[in-house]
Amino acid sequence: MNEPTQPEPAVAPTVAAPASGRIARWAGALLALAVIGWFFGGFAAYGPARAHSALGVLQSAWNAETDYEHGILFPFIIAGLLIYRWREIRAAAGKGSNVGLVPVVFGALLFLAAYRVIQWRVAVVALPFVAWGSVWFLWGRRVAWLTAFPLFFLWLSIPLPNFQQATVPLQIIATFLAHKGAGLCGVETYVQGTAIYSMHENWEPLSISEGCSGIRSLMALIMISAAWAYVARVSLWKKVLLFLAAFPVAIIGNALRLVSIFVIAEHGDAEWARSTWHDWSGLLLFYPFSLLLLLGFHALLEGGLPWGRGARRAVRRVVVAPPGS
């Protein structure tokens with residue numbers, strides 16, 4: 001008599017499909033990167049004789065004339081912000097969504113409009129939409145939201161046309177604060193327009209020009225404060241305050257730099273103060289002082305120094321058991 005046959009064990013499903021899906025997404029990412037690189041970095045349609053790409057004109061616009069010399073730092077900061085969130089991005093990667101095609105199409109239309117009217121700024125504005133939509137299409141909504149800020153951070157690198165006109169109010173503020181600050185330090189001065197004179201003619205008049213208005217330092221500090229607010233572990237409204245703090249901090253820091261020039265000119269070498277120290281005081285005084293102010297404001301918002309947050313959390317999580325338990 002034959003024994004009853006046992007049913008064969010079910011074969012476990014293979015994982016070839018998910019692996020092939022990942023390969024397809026990465027292949028799509030490389031294709032999207034190549035297309036974006038060509039149209040925004042290789043397609044010459046802007047600038048003199050339409051001989052430059054949109055990103056090429058942007059890179060050339062990062063100069064002293066536009067007060068955007070700090071622009072060269074943007075690619076590195078964007079890469080750093082993406083690396084900072086890389087673990088979260090990898091964990092959030094999932095199935096793509098066709099919704100991502102909406103910003104891709106919108107960015108493509110902006111690029112066509114930019115080509116039509118020969119406006120490279122509009123083309124650069126379109127770039128984050130195309131990149132962000134591609135991420136959404138390939139890896140889903142969660143990854144798209146995690147990469148939104150680093151990608152759209154590029155907008156802060158676009159020099160605004162006729163932005164130098166905004167220096168006039170800053171020149172007036174800088175002149176007033178420098179005059180008052182010098183007086184507090186015992187340097188007697190008087191003001192004519194945006195020029196500050198020594199009351200005792202100990203040094204030649206110093207004019208608060210567009211460069212001394214603080215606009216260049218303000219734009220660089222806006223870049224720093226925006227990235228700082230993004231990585232800060234605080235609520236959204238505190239992030240907004242931390243970003244907006246760049247404006248008063250830049251004004252105060254620039255006033256301190258100008259006061260230092262007048263003090264050195266009054267009590268030291270006036271020529272060295274108006275040349276060497278004028279050129280180097282931004283790097284040696286303004287930025288360290290401004291970053292310390294931002295750190296202090298961040299600590300005030302967070303209730304302590306940022307790097308002490310982990311220790312404070314550990315203390316809060318300690319549970320004391322009642323006696324006899």
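Trainee: Let's start with a single residue. Where does E201 lie?

Mentor: E201 sits in the loop between strand 2 and strand 3. Helices (H or I, at least four residues) and strands (E, at least two) are DSSP runs, numbered from the N terminus. Before we go on: this is a predicted model, in which local features need pLDDT of at least 70 and side-chain atom pairs count only at pLDDT 80 or more, while totals for chains, interfaces and linings use all residues. Residues are numbered from 1 along each chain as its sequence is written, and side-chain values use heavy atoms, with hydrogens and water left out.

Trainee: Is E201 buried or exposed?

Mentor: Exposed, because its relative accessibility is 71%. The scale is buried under 20% relative accessible area, exposed over 50%, partly exposed in between (1.4 Å probe, protein chains only). The backbone of E201 deserves a look too: phi is near 55°, a positive value in a residue other than glycine.

Trainee: What about R85, buried or exposed?

Mentor: R85 counts as buried, because its relative accessibility is 16%. You'll find R85 in the loop between helix 3 (74-84) and helix 4 (86-92). Contact means heavy atoms within 4.5 Å; neighbours within four places in sequence aside, R85 is in contact with L146 and Y230.

Trainee: Zooming out, how many helices and strands does the protein chain have?

Mentor: The protein chain has 13 helices and 3 strands. Of its 325 residues, 38% are buried. Among contacts with a separation of 6 or more, 67% are between residues 24 or more positions apart.

Trainee: How do I read the sheet, and in what order do the strands come?

Mentor: Two strands pair if DSSP finds at least two bridges between them. Here 3 strands form an open sheet in the order 1-2-3, with antiparallel pairing. Strand 1 and strand 3 (206-207) are the edge strands, each pairing on one side only. Helix 8 (residues 167-184) packs on the sheet, where it touches strand 1 and strand 2, and its direction makes about 165° with that of strand 1. For such angles, axes are lines fitted to C-alpha atoms, for helices over the stretch in contact, and angles run from 0 to 180 degrees between N-to-C directions.

Trainee: How many bridges join strand 1 to strand 2?

Mentor: There are 4 between strand 1 (residues 189-192) and strand 2 (residues 195-198), which run antiparallel. T189 stands opposite S198 in strand 2. The hairpin of these strands has 2 residues between them, and G193 takes a positive phi near 70° there.

Trainee: How is a pair of packed helices described?

Mentor: By the angle between their axes and the distance between the axes. Take helix 9 (residues 215-231) and helix 10 (residues 236-244): they pack at about 160°, with axes 8 Å apart.

Trainee: Which residues of helix 9 and helix 10 make the contact?

Mentor: Helix 9 supplies I222, S225, A226, W228, A229, Y230 and V231, and helix 10 supplies K239, L242 and F243. They divide into 8 nonpolar, 1 polar and 1 charged. In this scheme Ala, Val, Leu, Ile, Met, Phe, Trp, Tyr, Cys and Pro count as nonpolar, Asp, Glu, Lys and Arg as charged, and the others, Gly among them, as polar.

Trainee: At roughly what angle do helix 11 and helix 12 cross?

Mentor: Roughly 150°, and the axes of helix 11 (residues 246-267) and helix 12 come within 8 Å. The residues of this contact divide into 16 nonpolar, 7 polar and 1 charged.

Trainee: Which residue contacts does R274 make beyond its sequence neighbours?

Mentor: Leaving aside neighbours within four places in sequence, R274 is in contact with E204, P205 and L206. R274 lies in helix 12 (residues 270-302). R274 and L206 are 68 residues apart in sequence, yet 7.9 Å apart in space, C-alpha to C-alpha. At 31% relative accessibility, R274 counts as partly exposed.
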